[in-house]
Number of protein chains: 2
Amino acid sequence: MRSSKPTLQDVATAAGVSTATVSRCINQPAQVKETLRDKVNEAINRLGYAPHGAARALASRRSHTIGAVIPTIDNGIFANGIHYLQRGLSEANFTLLLASSNYSLDEELHEVRSLITRGIDGMVLIGEEHHPEVYEMLDRHQVPVVNLWTYNNQSLHSCIGFDNAAAGRKIAEHLVNMGHRDIAVISGIQIDNDRARERIEGVRQYLQEKGLELKPELVRECRYSAEQSSLALTELITAGHHFSAVICGNDILALGALSALRQLEIPVPKALAVTGFDNLEIIAALSPSLTTIDVPARRMGTLAATYLLNCIQTGNRDITRVQLPADLKVRETTNTVHST
Amino acid sequence: MRSSKPTLQDVATAAGVSTATVSRCINQPAQVKETLRDKVNEAINRLGYAPHGAARALASRRSHTIGAVIPTIDNGIFANGIHYLQRGLSEANFTLLLASSNYSLDEELHEVRSLITRGIDGMVLIGEEHHPEVYEMLDRHQVPVVNLWTYNNQSLHSCIGFDNAAAGRKIAEHLVNMGHRDIAVISGIQIDNDRARERIEGVRQYLQEKGLELKPELVRECRYSAEQSSLALTELITAGHHFSAVICGNDILALGALSALRQLEIPVPKALAVTGFDNLEIIAALSPSLTTIDVPARRMGTLAATYLLNCIQTGNRDITRVQLPADLKVRETTNTVHST
DNA sequence: TTGAAAGCGATACCAC
DNA sequence: GTGGTATCGCTTTCAA
């Protein structure tokens, strides 16, 4: 009895054919006569043969692997999209190599380099802004890439996402329509995060167009954690600033804000309106229910899989830009008209 | 100018040394004289050389890759643990191959097979119950495996987790102490899910010991979705069943339950107490705050990385079983004494 | 349709 | 310390 794992050669010998034939049986079964194919398959099963991925990748120059680097896997924000990306890949017998950057472009570069070394056939990133070397390496290694959670019709790289600035505008517009004039913002850290910047920029622009202003002292940045957000908002309030609505950079921040307001016994939306961003499944059960932007995470994940698999199969490297809707979901945290 | 990517050979030629030396410079720099090393590194940088993962894996029989198959990446339940697993691996220059099973042991088997083909050096799974072939394959390929989210001191495989049955007992005990006698359960689908079964079994046993009974008609199974849970609980209530507390299989189910109760205008915990499981970061901001079990997701992830890296490095294959605490967090959804 | 054989790009053993 | 080279397991021309 052989002690180590059977190889293609072992199968070939056992079936009385060449390794080339066995390889074909596995990869292009149609090209092998049925009688032979049966013999080979029998041998494969009898020996419990499983192909060796690395050898395969080395010889074929295809790893059947897609890499993704996301800011964090820690919460549901990106997890949902990644879930569908992974499912899409799995159906095509591709595997997902997942890494996280902790919202740092330098860490992202490091992870991208590592993934490229691993020989990924395609790459998924979040946002459009990346270390220049990231794009350079991807390009040099001919690895197709698609940016998610962002849409820019002039981007030099493929993207499947939504317009973050427009989404920010929608929120601002809604609040202004509800009578709010003094609006605060609790944003995620904006450095290295183009989505966060664009969202707030959308808000700022809309307000400006309406002759309003996003006052710098009403804008706070903090890590994407409910706790940090809670602190930030509490500070803002105890500092005596006046505002009737607070726009949060994502649902987690909004959750933290709501929890702070509850402790301060400030009624929502009566005294203060709150908005989130992402429409996480779980926040649907919240009370008061949260007004937020419905981010098409699932579709971004699914489409990213389809897009990359297609690039790999056809060798096509054209830039594709897909804009998905990101609609405002008006719910209880903003459903009261504010009168000045 | 060379059009394709530089290889070890190219670097060797450029530096005027052998491929063996270049390889050493990369893997055991200490064994190479400094002068030579500098020359080689200069060549590496000049050519923009990056090692080829597959070739490396083929030659060294190490892929520097760990596989994980989790039930779903869709929500925060496992994402948090995976996040820290990934961080731990990344620090050691290992990469995470992530797949999901959709809570099906057959799908899990499929994914495990795929990952093994990819040549993973270690494997992370959730729960102890897996398709027998999973263990068999892992064993045959000598891939060390660790089961997370489960602890069993007699397990034949390494595990890092907590005692699900004991956690279930804690919940039941707390509720009984608060005066509850009629308890309902909304559980996740129990087939293919040992954690769900154990939790409920813990509840059942504790009640039995106290001369109480977990009535079959008060137990509902549903997918882990807030919506499904909401429906299940509404059904239970409109069917006219009597119970003063409902134990939910995880926080997502609890969230759904709370949302149903809000719509039915049933006060929590006054008329009905509710418990969850997992202590997701985001639910901390909920109101009323949720009584739940604090699952050590972060530590499981971190320790899994450490454990597997150690197995790989030392070749040690001893079974390791780590029990982590999973404590009850008593909060508002159960903080009222129930009088019969 | 099938087989022989040349790589794919590194590692690691064995000499020197 | 350093270099030569067999080897890892599979894919893929090219001929037959």
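## Surroundings of DNA strand C

A residue is near a molecule or strand if one of its heavy atoms lies within 4 Å of it. In this predicted model, 28 residues surround DNA strand C, and the closest are Thr21(A), Arg24(A), Leu8(B), Ser23(B) and Tyr49(B). By class, this surface has 14 nonpolar residues, 9 polar and 5 charged; Ala, Val, Leu, Ile, Met, Phe, Trp, Tyr, Cys and Pro count as nonpolar, Asp, Glu, Lys and Arg as charged, and the others, Gly among them, as polar.

Helices are DSSP runs (H or I, at least four residues) numbered from the N terminus. Helix H2 (19-27) and helix H4 (53-60) of chain A, and helix H2 (19-27) and helix H4 (53-60) of chain B, each supply at least two residues of the surface near DNA strand C. H4(B) gives the most, with 5 residues.

Of the atoms of DNA strand C within 4 Å of the protein, 66% belong to sugar or phosphate, and the rest belong to bases.

## Relation of the two chains

Chain A can be laid on chain B with an RMSD of 0.1 Å by a turn of 180 degrees and a shift of 0.0 Å along the axis, superposed by least squares on the C-alpha atoms of residues with pLDDT of at least 70 in both. This is the relation of a two-fold axis.

## Conventions

Residues are numbered from 1 along each chain as its sequence is written, and chains are lettered from A in the order in which they are written. Local features need pLDDT of at least 70, and side-chain atom pairs count only at pLDDT 80 or more, while side-chain values use heavy atoms, with hydrogens and water left out.
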